[in-house]
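Please open the model in your viewer and keep the selection panel at hand. The stops below go from a domain boundary to individual charged pairs.

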Amino acid sequence: MPEIRGKRARSRMIIMHAAKELFEEKGLNHVTFNDIATRADMCRTTIFNHFSTINELMLAVMEQEVNDVLSYCGDSRQEGEDLIRAMFEMLIDDTCNYPVLTAKLVANSIISAQERPSLAKLEKIIADNLPDMPDREKEQKVIQLTGIYYGLVNHYFINNYEFDRRKMKRKFNEMANSIL
């Protein structure tokens with residue numbers, strides 16, 4: 001993660017980190033600004049200075065997660081298939097750290113027109129790093145690769161599996177081999 005400069009930016013990141021932990025522990029609908037203020041060791045007013053609603057905070061958390069992936073991809077010396085695999089490995093790491101939060105944020109992003117552009121950025125990275133092929137074929141591969149990730153997350157939840165990053169990455173790569 002890049003260095004955070006400025007008191008306001010640091011406060012915002014502390015708030016978002018505290019919120020991520022609480023969203024994971026309590027669920028998205030059971031976290032209040034008071035909870036976040038306590039966890040972040042800040043006053044409630046400071047939280048409101050950064051975010052006017054919990055929904056705005058959740059959107060910021062999602063956007064930050066996507067921006068972290070985009071930064072990683074932009075800074076990486078990898079490209080093509082290697083970058084696509086590395087991006088999904090990063091997403092799997094985030095998922096294993098915060099499985100409930102990640103699943104809810106992804107679901108909200110798919111449903112909410114306001115949040116959809118975040119996931120569209122990830123799909124664009126995939127499409128841009130696939131070999132030259134017709135757009136229809138690229139779109140199919142993007143759907144298949146993202147489907148593997150979403151399917152794995154669903155499978156782990158449905159079967160009550162522990163979110164094990166090594167196993168998930170291995171399984172993702174096994175299934176992605178037939179696509180890439």
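A polar contact is a pair of N or O atoms within 3.5 Å, where within protein one atom must be able to donate a hydrogen and the other to accept it, and where residues adjacent in sequence count only if both atoms are side-chain atoms. The model is predicted, so local features need pLDDT of at least 70 and side-chain atom pairs count only at pLDDT 80 or more, while totals for chains, interfaces and linings use all residues. Residues are numbered from 1 along each chain as its sequence is written, and side-chain values use heavy atoms, with hydrogens and water left out.

Begin by selecting residues 1–52 as domain 1 and 55–177 as domain 2, bounds that come from an automatic or database domain assignment. The contact between them (heavy atoms within 4.5 Å) takes 16 residues from domain 1 and 13 residues from domain 2. About 1,400 Å² is buried between the two domains, 72% of it from carbon and sulfur atoms; buried area here is the accessible area (1.4 Å probe) that two parts lose on being put together, summed over both. On the domain 1 side, select Lys-20, Glu-24 and Leu-28, which lose the most area to domain 2 and together make up 45% of what that side buries.

Across this interface there are four residue pairs in polar contact, with both residues at pLDDT 80 or more. Next, colour helices H1 (7–26) and H2 (33–40), each of which supplies at least two residues of the domain 1 side; helices are DSSP runs (H or I, at least four residues), numbered from the N terminus.

Which residue forms a salt bridge with Lys-20? Select Glu-65, whose closest approach to Lys-20 is 2.5 Å between N and O atoms; a salt bridge is a side-chain nitrogen of Lys or Arg within 4 Å of a carboxyl oxygen of Asp or Glu. Both Glu-65 and Lys-20 are buried (under 20% relative accessible area, with exposed over 50% and partly exposed in between, using a 1.4 Å probe and protein chains only).

Now move to Glu-25 and Arg-39, whose side chains meet in a salt bridge at 2.8 Å, N to O. Glu-25 lies in helix H1 and Arg-39 in helix H2, so the pair ties together parts 14 residues apart in sequence. Glu-25 is exposed, at 53% relative accessible area, whereas Arg-39 is partly exposed, at 34%.

Finish with Arg-85 and Glu-81, which meet in a salt bridge at 3.0 Å, N to O.
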